[in-house]
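Okay, thanks everyone for coming. I've got one structure to walk you through today, so let me put it up on the screen.

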Amino acid sequence: MRSGRFSQVHLRTLLLAFTALLGVLVVAAAASIVRTSMVVSRSVRAAEELTEQITRTHELERILREHQRLGNLQAATGDPRVAEMRAQLAADLFASSREVDLGSDEPEAPPEIAQMKADIASYLAERDALFRRQLPLADYLAGVRPSIERALSSVAAVRRHQERTLRRARADARRALEVQRAVAVISAFLVLCGLAAVSLGASRLVVRPLLALDAAVHRFRRGDTDVSVALGRVTEVADLAGSFNEMVEMIVRQRREQLTFLAGVAHDMRNPLAVLKAGVEALVLAPSTITPERLARIDRQVDGLSRMVGDLLDAARIEAGNLALELEDVDLRDTARSMVDLYAATTSAHELVILAGVDPVIVHGDPLRLEQVIGNLLSNAIKYSPSGGRVEVSVAMEEGWAVLTIADEGLGIPPAEIPTLFLPFRRHALTRELVPGVGLGLSITRRIVEAHGGHIDVQSAPGAGSVFRVRLPLAHSTEAAQGADEITLQGRELEPLT
Amino acid sequence: MTPSILIVDDNADLAEVLAEILSAQGYRVRVASDGERGLEMMRREIPDALVLDIEMPHLTGPETADLMFLRDAGLEAVPIVLYSGLESLPEVARRVGTPYFIGKPFDVAVLLGLVRRALEERVAPTPLPHARPGGAGSEPTRPPSPRRRAP
């Protein structure tokens with residue numbers, strides 16, 4: 001479900017990779033097409049050049065034959081105009097033979113061309129030499145024939161060579177064209193593949209997780225709370241999915257805690273209500289049995305209910321951030337003494353003792369809220385010491401702190417319950433079958449203590465009693481409350497004690 | 001002989017009110033403030049019915065019922081009337097194995113009817129195997145017992 005963080009990529013990296021992949025593919029395709037185009041055009045150019053050369057060679061051959069014909073005519077007629085035309089043609093022959101080549105691709109002129117030029121030159125020299133010897137016409141013609149035939153055959157050799165080269169060049173051009181076609185097809189195919197890979201990758205890595213998230217959001221809106229989405233491989237998408245999962249978890253947890261809270265409140269109110277109902281019904285059944293004790297019993301339940309409603313209001317105020325503290329310098333010894341006196345009057349089974357030094361223990365706090373703290377702890381100590389016993393309240397100073405401890409010899413608290421002791425009701429009250437009526441008292445107590453810049457803890461073991469210890473900053477060293485005559489309790493999440 | 005009833009509840013006010021009401025009906029009523037003391041009092045004299053709160057510090061109602069079943073001869077046949085403010089009361093009652101239970105706050109008349117029924121029918125609790133003190137999640141140590149009736 002949850003893929004490792006190390007295998008995740010950033011969206012930007014992913015986009016960069018996609019772009020790079022497509023870019024490399026396109027550039028490679030373009031480069032290979034350009035390269036093959038160059039090969040094709042070079043082959044075509046070479047073929048064109050060779051065609052031209054072959055034309056020239058044909059021309060040379062024609063001039064050579066013409067020269068031969070005119071030479072023979074000159075020898076037969078002795079006409080000076082023919083001699084002039086022949087001399088002109090000889091010059092053309094030289095010029096034309098110089099132009100004959102095999103095309104620019106050949107590194108050096110092949111031996112055929114040199115041979116041809118030499119043969120033409122020797123033909124001309126031979127004819128001039130024979131002409132000057134004034135031979136009879138038949139001898140002259142027979143004397144010239146071998147050299148002209150040699151020259152003609154070497155011109156033909158050059159032409160054949162050129163034709164071979166041309167065929168080769170054409171074959172090269174055809175091959176290059178085929179290669180170019182193949183390269184174009186392969187490039188198009190690769191670019192298409194790249195596009196497919198990119199869109200597939202984008203769909204798998206980005207689009208699909210986003211759609212899953214969208215579906216989860218819709219399911220959650222319809223009330224389905226089991227909508228955890230997979231994180232996926234792209235960091236940004238995974239972060240989004242993770243935030244969504246956390247948000248869902250938080251909302252579900254808050255909803256459960258609210259239900260727990262409501263169930264806890266309802267549950268706690270049933271006890272006094274049961275006593276009230278039964279007590280009133282008993283009086284209705286037998287009106288003659290109304291006694292002060294029975295009325296006092298009913299009164300106690302009404303008091304208990306009032307306290308619960310007060311606690312509920314306090315809890316609501318704290319959650320809303322509306323519980324203001326009116327701070328003044330308070331001698332914690334006085335507050336503790338008056339609360340001990342108050343609670344001593346409510347029980348005959350318990351011995352309430354106060355231990356305090358002679359020096360005043362001054363804290364900067366709200367006297368009413370501090371009384372509430374001590375009262376809550378005292379009433380708990382009494383409530384959880386059902387068989388009576390000693391409840392010891394001590395006020396002392398310790399390194400800049402005022403330390404108030406309330407120790408009882410009561411039932412004690414099982415270790416498993418201590419971490420959740422200061423939370424409003426129990427987190428799992430709906431799933432556990434037994435919810436001891438912890439109520440709101442201790443969570444409110446802890447909130448008040450912490451708003452004063454102090455903290456509260458407890459040491460307890462089943463059967464060994466409990467010691468609640470409240471530490472508040474002394475007035476002269478108060479940092480949390482210094483300079484402020486009024487602070488407001490904020491409704492923040494209470495963490496379990498560790 | 002008048003039937004005897006034991007009320008076990010840590011809430012002294014409620015226990016007293018119930019004791020007064022049941023006494024007025026002619027029952028012999030005793031009150032214990034927690035499970036441990038309730039067990040002690042039952043050992044001294046086995047009551048005809050037990051009226052039991054569920055949530056008590058020290059020894060809860062279901063734990064007390066379990067110990068009655070496990071430990072003390074004769075106590076396993078005492079019918080138990082459970083009451084509680086818990087939402088899960090029917091489930092707890094099923095685990096304790098008693099058909100008599102009532103949620104807080106209750107009508108006194110209904111509770112009295114329930115106590116009368118328990119005294120007449122005397123259906124002994126038949127706890128489920130896993131309903132033992134502190135036993136959530138551990139293996140059952142005794143086989144489920146058949147439902148028994150007192151003579």
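Predicted model: local features only at pLDDT ≥ 70, side-chain atom pairs only at ≥ 80, totals over all residues.

Chain A has 498 residues, and 40% of them are buried. If you take the contacts in chain A with a separation of 6 or more, 77% are between residues 24 or more positions apart. Here's one such pair along the chain: A:Leu21 and A:Gly194 are 173 residues apart, yet their C-alpha atoms are separated by 7.0 Å. A:Leu21 sits in helix H1 of chain A, residues 11–77, and with a relative accessible area of 39% it's partly exposed. As for surface, chain A exposes about 27,200 Å², with 59% of that coming from carbon and sulfur atoms.

Now, the interface. How much area do chain B and chain A bury between them? About 2,300 Å², and carbon and sulfur atoms account for 58% of it. Chain B brings 25 residues to the contact and chain A brings 24.

On to the charges. Side chains of opposite charge can pair when their charged atoms come close. Over all chains, the search turns up 31 salt bridges, and across the interface of chain B and chain A there are six. Let me show you some of those. A:Arg297 pairs with B:Glu16, closest N and O atoms 3.2 Å apart. Then A:Arg294 pairs with B:Glu20 at 3.0 Å between the closest N and O atoms. A:Arg294 is in helix H6 of chain A, residues 292–320, and B:Glu20 is in helix H1 of chain B, so that pair joins two chains. B:Glu20 is partly exposed, at 24% relative accessible area.

And there's A:Lys277 with B:Asp107, again with the closest N and O atoms 3.0 Å apart. Here A:Lys277 is in helix H5 of chain A, residues 235–285, while B:Asp107 is in the loop between strand E5 (100–103) and H5 of chain B, so this pair joins two chains as well. A:Lys277 is partly exposed at 32%, and B:Asp107 is partly exposed at 37%.

Back inside chain A, A:Asp224 and A:Arg219 form a salt bridge too, 3.2 Å from N to O. And to finish, have a look at A:Glu61, A:Arg65, A:Arg159 and A:Glu163, which are linked in a network of salt bridges.

Conventions:
Residues numbered from 1 in each chain as written. Chains lettered and ligands numbered in written order. Heavy atoms only, no water. Helix = DSSP H or I, 4+ residues; strand = E, 2+ residues; numbered from the N terminus. Buried < 20%, exposed > 50% of the residue type's maximum accessible area, 1.4 Å probe, protein only. Contact = heavy atoms within 4.5 Å. Buried area = accessible area lost by both parts, 1.4 Å probe. Salt bridge = Lys/Arg side-chain N within 4 Å of Asp/Glu carboxyl O. Areas by Shrake-Rupley, 256 points an atom, 1.4 Å probe, with all protein chains shown as cover.
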